[in-house]
Every structure is written in C-alpha cells, then in structure tokens.
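Subject: Structure handover

Hello,

Here is the structure you asked to see. My notes on it follow below.

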Amino acid sequence: MQLIALYRTSLALILFACGVIGSAQADDPQRPAQVTMRSGQKSGAGQTSMPSAAEPHRLPPDSSTGHTLELPGRTLAFVATAGSIRLFDDKGEPQADIVYTSYQLDGTDRGMRPVTFFFNGGPGSSSAWLQLGNAGPWRLPINADEVTPSTFPEARPNAETWLDFTDLVFLDPVGTGYSRFVGTSDDARKRFFSVEGDVNSLALVVRRWLEKHDRLLSPKYIVGESYGGIRGPKVVHQLQMRQGIGVKGLIMVSPRFDSSQFAHTSLLQYVARLPSYVATLREAEGPVKRADLADVEAYARGEYLVDLIKGQADKEATMRLADKAAALTGIDQAVSRRLAGRLDLAEFRREFDRKNGKLIGNYDASVHGIDPYPESDLHLSGDPSSDTLLAPLTSATVDLLTRKLNWRPDGSYELLNGTVVQSWDFGRTPPESLSELRQILATDRSMKLLVGHGLFDLVTPYFESQILLDQLPPFASAPRVKLVVFPGGHMFYSRDSSRQAFRTEVEAMMK
C-alpha cells in the first residue's frame, strides 16, 4: 500500500550505495525471548524487562506465544513471535531496530517448509496491510466501500491465511510500525532512507532472521507490495549476491517496477491507465474481469498510442482519440476534448461521478466517496479507497501485537509515515528494478515470479506491468513469470473472491 510520491526524481545522489548496511553486523548480543505458553501462562523466566535508562528507545525482548486457530476444515497450531533485529554500522555502533512479526506452524520439518518474507511500500508503509489484510492468521476487513474510521477494529481468524503452506515473516522497515533508529547521527537516516540503503538493510534482516531461527535450509520467498516492486527484485539480488541466500520465488502485489517510463511527462501513463478507467465504468454496470477488456487493451497499445504520438498538432487524431476515450470511459465528451483525450488521474477521479458529488479512489476506482468540495474545480480531498482504512488498521495492529502477541513497545505505531518519503533519497534518476529482475531470473533458472494486480488500481495499473513484462527476454516468460489480475484495487485482496483466488495462485507457485 501507499506508493507515495514515487515520481520525485531530483533528490541528491544516494550517499549509501552498497556498503555499510550490507556488510554490517546485525542483531545485538542475545536478549532473552519472552515466551508465553499455549495455556496463556508466562514462564517464570520470560517476564518483560524494562529498557535501561541508557537505552530509552530500546524495544522489548522478543515475545513468542502459542496459538491455535479453528478455521474451516482445519485447525492450525503455531508459534507467533513479535520482536526486532538490531542493525549496526561498520564501527559496531547501533543504528536501527527492525521489527518483525513471524508465524511458524507447529509439527513441521523446518528445513523443508517454505518461509515467506513480506514488506509493503511507500516508502513509509508498514507491513500491516499484507499481514492483516491478506496473508496473516488474523484478518481485518479492509474493503473501503464498507469500512469507516470508526469500524470495530478487531482482527478475526483468517480462512485464507497462507500459513497452511508457508511460514510467514512480516517486516517493517525503519521508520514504519515500531521500527526505529537507535543511532542519533544524520548519516544513519541518510543511509536507511535511500533506495539502496533500504534494500541492503532489508536483505540483511532477512538473512539474520533465518540465522536466528535456524531456517537457512528452508525454501524462501519474498513478497512486496506497491513500492515493494522496486524493493523486491533488488532485495532478492542482494540476497543472491551479497548475503548468500537463494530465493525460490518473488511475489509482487500491485507493484511499480519502473518509476520513469510511466511518469507524468510520459504518454505511456495514459496507455497504462486506459484499461483500468474502462474497467471502472464497466464495473459500475456489472461484474467485470480482465478478459472483458481485451478490446480496450488492443486499442490502448494500438490506435490510441499511435494517435497520442501524433500529438495535438494533428487535430483529426486528437479529436478521434478524445471522442473514443470519452465513449470508453464515460467521461463527458466536452471534458475529454478539453483534455485532448489525455485523461489525467486527478481529472478522471474528479469527473467520473461529478454529477453525484462523488470522488472515486486512487487505489480502488470502484470505491466512490463523498466529495467534501463538490463545487470546486480543484482536487481538495483525500482518497476514499484508503483514508477510511488508516484508523481501524492501526488500532487492529496495535491490538494484535499487545494483546494477542504480548509485545508492548513504547512510542506510536506508524502505519504510514510521511516523514520517511519526505526524507527519501530516490537518487539521481528515477528508481527501477527491471535491471535486477532480469539479473535474478537469469542467475537462478528455477526461480519464479508471480505478479498480482487489481483491475481498478489507478496508482499502479495492471496494464503497466503487462507492458513491462512483455519486454523481458524469452528466459523470463511463462510459465516462470505469471501476471494475474483480479477484480479490486491496489489491495485487491480486500475482496473475498480475489483474496481466495490469489492465495490459490501463490500455493500453486510454492508446490
């Protein structure tokens, strides 16, 4: 969730390329884990210790608790651990505590059982979206057309949890969730809040978790959402080349692989979004699936693109594409002509249901919210497909960690931290991960890639990924590489049928 300000490209040169964090020592001298027995009674040696005065920002010791979930057709018994891994610089100075939440099924051969690592996007988003919205053992409904900030925020057993076929580890990069800096230097923030520094730290945490839990022999998978499309291939490349860890599969959820080819100045942005615009209109008239958009996809990459390239100097081409775009998307013809058929995201959101005083979502265009300023021509409100979810998801995550998992850090939980993206160093050029994607698939001929998208996602539209994946060489084609598209938005897994179908795809990939 939250691909925030991905188009910022004029920041300074990344100060941290491939060194300090990637080669740094990780974790701290061993801290005792707090263990809760399955009966709910703590063992005597496992009482929580308070951070010392010398380390006021120290997170609590790791807490492991046993749980049993009754789900349709089966019972899952597992150990949940909420804890952190400390990262140091090359001088041995502590830099950051990275929080993880893991779930390991009881009674399995840990050397043979897969383990999957999850991170969301932003940069600045915690992994709560994927944990409580999709794959974790507990789930909070996050369908934005029904959820409001005051929705009862209790997570319930998740019938579609992935725990049946893989152990789960959810990671919160520094500045998100409860993960935090422990060093005070500005250099640490500059290193971590950069494309490469972020990737290096996450790859190191993956390796350290595997070492800490004796899982180096397990088949390993990586899941990234949104900006996770930039992170994911880069993290896998770091694991392969610098951390000595092989990865069986990469699972991308609503990813952005390249932040330049579809930027605001690119004609491809209109091509990529057109099928999702049309899907939004057709959804309003009845259920829609990707196969129903074959005609639109063919038009987008054919006549529509050709007319866009001709430019507005060609009045006949401009009028033709403006009228066709209006007919396909439901946008008023006069508006489409004014925009020369180039339907900007903000304009489309505002114009699609203007007659009813509604705005549609960025992250899920099938969600219609009340426009607080219907009389204005300016975009003055947030996103009805994500803003309503922030309060219940934050409360549910904190409740899960403190009440169910018995782990109680101080400070505030950061579901989305705008300070992170404001401080982020994207480098001299817009970040992309297609280079690493080619490399990791070429290096490991058995590795698989699964990409999942929602039809109504206007932030990272599915057709954008289709165009990019089509450019990969033959060694990176089906069946190794697969794109699946479901009804829904950026968090398409908020829809029951889409979440179930995606789970089926993931389980098949891991067999």
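How many salt bridges does the count come to by this rule: a side-chain nitrogen of Lys or Arg within 4 Å of a carboxyl oxygen of Asp or Glu? The count comes to 35 salt bridges.

Before the details, two remarks on the source. This is a predicted model, in which local features need pLDDT of at least 70 and side-chain atom pairs count only at pLDDT 80 or more, while totals for chains, interfaces and linings use all residues. Residues are numbered from 1 along each chain as its sequence is written, and side-chain values use heavy atoms, with hydrogens and water left out.

Salt bridges

Side chains of opposite charge can pair when their charged atoms come close. One of the salt bridges joins Lys234 and Glu196, at 3.6 Å from N to O. This pair links distant parts of the chain, with Lys234 in helix H5 (residues 228-243) and Glu196 in helix H4 (residues 195-212), 38 residues apart. Helices here are DSSP runs of H or I with at least four residues, strands are runs of E with at least two, and both are numbered from the N terminus. Lys234 counts as buried because its relative accessibility is 7%, and Glu196 is buried with a relative accessible area of 19%. (Buried means under 20% relative accessible area, exposed over 50%, and partly exposed in between, with a 1.4 Å probe and protein chains only.)

Arg301 and Asp470 also meet through their side chains in a salt bridge, at 3.3 Å from N to O. Arg301 lies in helix H7 and Asp470 in the loop between H14 and E15, so this pair ties together parts that are 169 residues apart in sequence. Arg301 is partly exposed at 43% relative accessibility, and Asp470 is partly exposed at 40%.

A network of salt bridges links Glu303, Asp307, Lys310, Glu316 and Arg320.

Helix H14

Why is helix H14 (residues 462-469) described as largely enclosed by the rest of the structure? Because eight of its eight residues are buried. These buried residues pack against helix H6 (268-285), helix H7 (294-310), helix H13 (434-443), strand E14 (448-454) and strand E15 (481-486).

Two buried polar side chains

Asn417 lies in the loop between helix H11 (390-404) and helix H12 (418-423), and it counts as buried at 13% relative accessibility. A polar atom of the Asn417 side chain lies 2.8 Å from the backbone oxygen of Gly175. Leaving aside neighbours within four places in sequence, Asn417 is in contact (heavy atoms within 4.5 Å) with Gly124 and Gly175.

Thr65 lies in strand E2 (residues 63-71) and is buried at 3% relative accessibility. The side chains of Thr65 and His67 are joined by a polar contact of 2.6 Å. (A polar contact is a pair of N or O atoms within 3.5 Å; within protein, one must be able to donate a hydrogen and the other to accept it, and residues adjacent in sequence count only if both atoms are side-chain atoms.)

Backbone

Most residues other than glycine have a negative phi, and most peptide bonds are trans. The peptide bond from Gly122 to Pro123 is cis, with omega near 0°. Another cis peptide bond joins Ala478 and Pro479, with omega about 5°.

Asp214 is not a glycine but has a positive phi of about 55°, and it counts as exposed at 66% relative accessibility. Ser226, in the loop between E10 and H5, has a positive phi of about 65° and is buried at 0% relative accessibility.

Regards
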